[in-house]
Amino acid sequence: MTTTGRTTIGIIGSGMIGGTVARLSVAAGHQVVLSNSRGPETLAELVAELGPLATAATAEQAAEAGELVVVSIPVKAFGEIPAKPLAGKPALDTGNYYPQRDGNIAELQTGALTSSALLQRYLPDAHVVKVFNNIFFRHLDALPARPAPMTAPPCPSPAMMPPPRRPRPRSSTRSATTPSTAVPWPTAGARNPAPPSTAPPTVRSPTRQAPPPTPPASVST
Ligand SMILES: NC(=O)c1ccc[n+]([C@@H]2O[C@H](COP(=O)([O-])OP(=O)(O)OC[C@H]3O[C@@H](n4cnc5c(N)ncnc54)[C@H](OP(=O)(O)O)[C@@H]3O)[C@@H](O)[C@H]2O)c1
């Protein structure tokens with residue numbers, strides 16, 4: 001990110017998801033460099049729609065230009081991504097593996113690798129991060145441009161903090177090896193027995209004592 005807060009995002013694969021990420025990125029004020037498999041001239045319409053923050057290039061150039069690079073292509077094309085310019089950069093992988101589209105990729109079929117692990121194998125020096133693979137592109141497009149700012153309550157000042165708890169006095173007769181709060185395991189048949197009380201006996205306040213029982217009325221004979 002530059003001092004202006006603007007990031008250049010390379011996009012490898014500018015279809016439904018890649019194009020949507022490009023649109024959201026431009027709306028958030030970032031620069032995008034779009035690419036696809038057919039060449040930059042085929043992206044002219046999309047670039048015109050996105051405006052001056054968008055340009056089109058080859059996949060190699062998009063990888064070079066991007067501070068972070070979105071990889072949004074079918075998994076079967078992972079091997080065609082230029083690895084060198086992605087070294088040391090975040091590579092944001094939107095990919096999902098569909099054998100019907102991508103063919104039979106043995107490690108993915110057996111579960112030996114995830115599709116992101118496969119991408120990481122092709123891009124050994126990039127930092128592969130899985131993103132947006134579980135959201136439909138239209139839903140991604142409909143997300144608010146920016147999340148609302150967090151409104152965490154302010155940190156309380158020391159004056160507002162409650163006083164620290166004083167430690168309970170320990171009985172001098174209690175063995176140091178016996179935990180004071182040990183609760184015996186309930187015996188078979190005992191249902192949720194109350195744990196033995198470790199609190200000192202409560203002393204009732206005289207004002208809250210129950211009135212003394214009234215003596216039985218004397219029976220006159
Ligand atoms: N569509 C969704 O809602 C959605 C949601 C989550 C995840 N995904 C996953 O995200 C990935 C992209 O999906 P999509 O729906 O956006 O696909 P898409 O619309 O078919 O777009 C694929 C893009 O990848 C480009 N491409 C293909 N091979 C390339 C290569 N070797 N180098 C550079 N670009 C290449 C294509 O360029 P050309 O057109 O020039 O061939 C196209 O721009 C897939 O793995 C998909 O499973 C999709």
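Which helix gives the most to the shell around the ligand? In this predicted model, that helix is helix 1, spanning residues 16-27, which contributes three residues to the shell.

## Overall make-up

The protein chain contains seven helices and six strands, and, when read along the sequence, these elements follow the pattern β-α-β-α-β-α-β-β-α-α-α-β-α. Of the 221 residues of the protein chain, 23% count as buried. Among the contacts between residues at least 6 apart in sequence, 54% join residues that are at least 24 apart.

## The sheet and a helix packed on it

The six strands form an open sheet in the order 3-2-1-4-5-6, and their pairing is parallel. At the edges of this sheet are strand 3 (54-56) and strand 6 (127-130), each of which pairs on one side only. On average, and with direction ignored, neighbouring strands of the sheet are turned by 25° against each other.

Strand 5 (residues 90-93) runs parallel to strand 6 and is joined to it by four bridges; L92 has V129, in strand 6, as its bridge partner. Helix 6 (residues 115-122) packs on the sheet, where it touches strand 4 (68-71), strand 5 and strand 6, and the direction of helix 6 makes about 160° with that of strand 6.

## The nonpolar core

In soluble globular proteins, nonpolar side chains tend to be buried together. Here the largest nonpolar core has 34 residues, and those with the most contacts inside it are I11, I12, L34, V69 and V71.

Leaving aside residues up to four places away in sequence, L34 touches I11, S14, A22, L43, L46, V47, A54, A56 and A62. One of these partners, I11, is itself among the core residues with the most contacts.

## The shell around the ligand

There are 25 residues around the ligand, and those that come nearest are G13, G15, N36, S37 and F137. By residue type, the shell divides into eleven nonpolar, twelve polar and two charged residues.

## A closer look at G19

G19 lies in helix 1, the helix that gives the most residues to the shell around the ligand. Is G19 buried or exposed? G19 counts as buried because it has 22 C-beta neighbours inside 10 Å, where the cut-off for a buried residue is 20 or more.

Not counting residues up to four places away in sequence, G19 touches S14 and L46, and both S14 and L46 are also among the residues that L34 touches. G19 and D141 are 122 residues apart along the chain, and their C-alpha atoms are separated by 9.7 Å.

Methods:
Residues numbered from 1 in each chain as written. Predicted model: local features only at pLDDT ≥ 70, side-chain atom pairs only at ≥ 80, totals over all residues. Near = placed C-beta within 6 Å. Helix = DSSP H or I, 4+ residues; strand = E, 2+ residues; numbered from the N terminus. Nonpolar A, V, L, I, M, F, W, Y, C, P; charged D, E, K, R; others polar. Pairing = 2+ DSSP bridges. Axes fitted to C-alpha atoms, helices over the stretch in contact; angles between N-to-C directions. Contact = placed C-beta atoms within 7 Å. Core = buried A, V, L, I, M, F, W, Y, C linked by C-beta atoms within 7 Å. Buried ≥ 20, exposed ≤ 12 C-beta atoms within 10 Å, placed from the backbone.
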